[in-house]
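Please read them with the structure open beside you.

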Amino acid sequence: MPALSETDARLTVVIGENPPDRLDKALAREVPEEAALSRSRLMKMIAEGDVLREGVAVTDPKTKVAEGEVFTLILAPAEEYDALPEDIPLAVIYEDADLVVIDKPAGMVVHPAPGTPHGTLVNALLHHCGDSLSGIGGERRPGIVHRIDKDTTGLLVVAKTDRAHHGLARQFEDHSVTRHYIALVHGTPDAADPRLRGMKGVTFETGGIVRIATGLARHKTDRQRQAVVWDGAGRHAVTRARVLESYGGRQAMGGAALVECWLETGRTHQIRVHMAHAGHGLLGDQTYGGKRRLSPKAVGDAAAALGNAFARQALHAASLGFDHPVTGARMEFEAPLPDDLAALVEALRAGV
């Protein structure tokens, strides 16, 4: 029987005789019970590139397997650990007995992890909510149903009770939650741009809306990044975007645009990866933004200096809508741009 490795967080699985006809079923049969990997969890791991055959990710759960084949499963660090309450200020937009809506600042990680055990949103919520947490899954803890990146600002809804957690999770699964983001990107996505019109996965809808649809999976060599994949590989991801303001001319090199993005699906780094795929990476994005810089000729000296020194991806979760998981009432929330992003927008407006 395969055994878990304590040092490299990997699980080696050898396919036994008369295997099922597809990879996900075969792995579900072969993994040891102590690994606690359900078939749904295994399917997610396959889609995210965490199942390797001879060092190469296999991302199709229907892949045929043969007796004796060896697969390596990369196991994410467990999140079941004790988080401690910490008195960290929170911008609470709304709160009741079942849920709380937060405007998260830049630099705050949502959930504790081995590299960031303290100072997270969960630590702050444990202190803020105190005895009002009735428990999620038998523990007195907040229910995290979605996340935004450490350096992305804006709205998050968190469950305080089991009933709210299940109700919100269902809405995220069926994509009935509305999430709109404001981003600053390099260049201006333009329906008249032949380069953009010829790009795989990019189409245009009425009103100048850019629709980007791809698969997303973990990068083959950099496990901290996501990558666009095709042919049914990875997890289906759809982003829509429209230009709100353009700085430096629609076709100008070194210009920028204020863009509204909204998610049909919610994958890790989705907006950042999709806008970079379209050739319009986010300002300040050190992971996906490339080496593009704002030009003083296009946006002015002050805006170029501020934008090129921007210390995080210029992305803000500006609005959030969902049905209250207990009352059923529709709830809509908005959060203004944080000071750093608002200052950059004003500099860009003043420079053109």
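1. Buried area is the accessible area, found with a 1.4 Å probe, that two parts lose on being put together, summed over both. For domain 2 and domain 3 the buried area is about 880 Å², with 52% of it on carbon and sulfur atoms.

2. This is a predicted model, in which local features need pLDDT of at least 70, side-chain atom pairs count only at pLDDT 80 or more, and totals for chains, interfaces and linings use all residues. Residues are numbered from 1 along each chain as its sequence is written, and side-chain values use heavy atoms, with hydrogens and water left out.

3. The protein chain falls into domain 1 (9-75), domain 2 (91-174) and domain 3 (179-319 + 337-351). These bounds come from an automatic or database domain assignment. The centres of domain 2 and domain 3, taken over C-alpha atoms, are 27 Å apart.

4. Where domain 2 meets domain 3, 11 residues of domain 2 are in contact with 12 residues of domain 3; contact means heavy atoms within 4.5 Å.

5. One salt bridge is counted between domain 2 and domain 3. The term means a side-chain nitrogen of Lys or Arg within 4 Å of a carboxyl oxygen of Asp or Glu. D149 and R272 form a salt bridge through their side chains, at 2.8 Å from N to O. Strand β8 (residues 153-159) gives the largest share of the side of domain 2 that touches domain 3, namely three residues. Strands (E, at least two residues) and helices (H or I, at least four) are DSSP runs, numbered from the N terminus.

6. Which salt bridge does K160 form? Its side chain meets that of E95, at 3.0 Å from N to O. K160 is in the loop between β8 and α4 (162-173) and E95 is in strand β5 (residues 92-95), so the pair ties together parts 65 residues apart in sequence. In general, side chains of opposite charge can pair when their charged atoms come close.

7. Overall, the protein chain has nine helices and 16 strands. Its radius of gyration is 22 Å, close to the 20 Å that the globule rule gives for 352 residues, so the chain is as compact as a globular protein of that length. The radius is taken over C-alpha atoms, and the rule is 2.2 Å times the number of residues to the power 0.38. The C-alpha trace spans about 70 × 50 × 40 Å along its principal axes.
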